[in-house]
Amino acid sequence: MFQTHCQDLTFVFVFVFVFVVVPCILIIRILHHLLRTYINRKTLKTLRNSLLSLKKTLHSLVLFITMSNSNDDSSAVDPPPFDPLQPSIPISYPIKTLQDLHSRAYFDSFHYPFNKSTVPLHPLNGASPTLPARPRILVCHDMQGGYVDDKWVQGGTNADAYAIWHWHLMDVFVYFSHSLVTLPPPCWTNTAHRHGVKVLGTFITEGDEGKVIATELLSTKESAHTYAERLAELAVALGFEGWLLNMEVKLDVDQIPNLKEFVSHLTQTMHSSVPGSLVIWYDSVTIDGKLEWQDQLNEKNKPFFDICDGIFVDYKWEEDYPKLSAAVAGDRKFDVYMGIDVFGRNTFGGGQWHTNVALDVIKKDDVSAAIFAPGWIYETKQSPDFQTAQNHWWSLVEKSWGILQNYPKVLPFYSNFDQGHGLHISLEGEQMLDSPWNNISSQGFQPMLEFKDDPNPDTIQVLVDFKEASYSGGGNVTFKGTLEENASFIARLFQAELLLGNFPVYITYSVKSEETSLLGLLLEFSSARKERKSVLLASRRIDQSSTKFSELIVPRQVKMLETTTEWATWEARIIMDGYAITGISAVCYMPEPSRRTLESTSNVQDNASVHTPAEYFAILGDISIKTSGQNSDFPLSSSWLVEAQYVKFASDSQGTKTLSAKIIWKLKDGNDSVFPQYNIYLGKPAKQAVGSLDGRVESTQEYLGVARVESFYISNLIIPSNTDTLKFIIQVCSVEGTSQNLDKSPFLLLDVKDK
């Protein structure tokens, strides 16, 4: 009887799961990705909430059946729920309840120290930390619900992970999810700050659960102030600039005064804690408590606009709404961000590949823009591939609005063109990792490459290439195509704003190329008197008729480490007092015919005047600009204190032992480290060098990852058999792209014998 009952329950469980739960989940996902394009926000939100409620009910039913059908002989073991207090691979995650926000539980999390951003948003050249007095672009990422590949703080293994690299086309970046408190993963904050872009988290209430939260949040003036202070505290601790507030629920009129207290107190607290911080109100609930998106700035949402730093207007606006909103905003018109949904849900212009239609109108009416969900390119798998489609889509933004962020602005400046994902990682031309990876924190300054919609096959193609060898990190700029012998090709790399003084500046760059493919740098200068000069750095002479420049400098080849990577590093010294670097471009050219090795003299008997196109291929590995006094002096290995915490050993049924541990380091003198990154290696046992007759031995290292904070978590590392000690090496890296020698780097020796 009992056995029959269990079999019946098993049948019911399988039937419900296969024919009800799975289709329900699939429907939710399909509606999220497809219907969002065709159904308006209110209908889609209602449908979404209904389906999610059904999913929860079915999940409870399945759980009940499963528990009823369980017995002591069951081998199925559910994974333990996420416990933020327990050591594990560091992740970024949101705060989902008001209770957790109020209790400050996040600060007790094992993951909290790993989630601090370490790249500050400096006011450049003494500029104000406030946003520029011009129309701006805010980008709200909204990608697959958030916390996907980017949640892995120490990086992941998906070379095709989503990333943004067109930072020169935006002013503010918002990390978005549908959780109550969305905390930006540090990878986004680090790379956005590097490019001068401010970062905001999101506070959102929606649906029935959101109404309950709003009731508690706004119960008293004191509660409104408390939760505002909790949000400000999180932003300060994690290093981002503020919040997007989305109160997407209907409220009672008597709750509005406390809502205004919440918005006002959060804004004031942020301003007093972080100069230049922002609190942006989303166009949702109105001043009379109704959930009615206005699609413009008017008397129903202006009271919230007046007590914060701006408004993100919902995206169903009509053509004259930007102009009407500007009139209502008065001298704060640049604080009005007209929303554009890239998925195209009832958005002006249709979004998607027509997003620039809305951008053109917004720019014409002199207000700001808020681009929502540019991850549409990635989520919908736009052809031909993500790299090409993303570059194409953002080129439409640039065509409409132009470049908003110039860099470099300060020294030292370094870029290895890394996009934060790839197929390998190199250091000074030597490959350290040969497997897929992703970590947006690893993005260097991104080149402002110009997209060619229909590239001419008879010219040079310029791209960030992940398959070709890299000099540093996992990226490079590759130039390939054909070029005539007396011609040159110029490709924009950076639009700069770098004022120079009366001291020499050193420009260093690494190149790998075919023998007849030469690559130089063209620097554009401008003085306060609007005088313009251009200086070409070229290792060999170039026909000046093909490239206009004021001065030619032949750089010296820098002595490199003994490698077989065929990278050449060049360095030039420049003094341009009173001038600013305004542009940096790459110049592709061929050596003069007299310098080439000709296959046959007969090939030139009757064709001396004919310029035959030749194959061209070159790779730019990195670029560095610094003064002589900006070379890093790395602390001695003995200057560091390196320790292990949360050490845990485990073994499986086959006897394989593993180690999990948190490694931390700090300077013994108590000073804060000024170094932006640390490469982590596992030292391998020494072995005799191949071909060595003198008994010379060499040690090898296994690259484990990169850290932006002074800690790194090792998870389930297999301990080789017959190993007594493991050596972990922390390689210190400087802001100008140099790294400490491994044999001089701090390290930790960990005893693993008999563990």
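Predicted model: local features only at pLDDT ≥ 70, side-chain atom pairs only at ≥ 80, totals over all residues.

Tyr162, Trp165, Trp167, Phe173, Trp188, Tyr378 and Phe386 group together as one aromatic cluster.

Next I searched the whole structure for aromatic pairs, and the search returned 36. I picked out one of them, phenylalanine 176 with phenylalanine 372. Their ring centres are 5.5 Å apart and the planes meet at 80°; an angle over 60 degrees counts as edge-to-face, so that is what I wrote down for this pair.

Where do phenylalanine 176 and phenylalanine 372 sit in the chain? I found phenylalanine 176 in the loop between strand E2 (172-174) and strand E3 (181-182), and phenylalanine 372 in strand E9 (residues 368-372).

Then I looked at tryptophan 317 and phenylalanine 348, a stacked pair with 4.8 Å from centre to centre and 20° between the planes. Tryptophan 317 belongs to the loop between strand E7 (310-313) and helix H9 (321-329). Phenylalanine 348 is in the loop between strand E8 (336-341) and helix H10 (355-364), so I noted another link between distant parts of the chain, 31 residues apart. Tryptophan 317 has a relative accessible area of 3%, so I logged it as buried.

Last, I looked for charges over rings. Arginine 332 lies over the face of phenylalanine 305, 4.0 Å from the ring centre. Lysine 363 has its charged end over the ring of tryptophan 401, at 5.4 Å from the centre.

Terms used: Residues numbered from 1 in each chain as written. Heavy atoms only, no water. Phe/Tyr/Trp six-rings, centres within 6.5 Å; stacked < 30°, edge-to-face > 60°. Helix = DSSP H or I, 4+ residues; strand = E, 2+ residues; numbered from the N terminus. Buried < 20%, exposed > 50% of the residue type's maximum accessible area, 1.4 Å probe, protein only. Lys NZ or Arg CZ within 6 Å of the ring centre and 35° of its normal.
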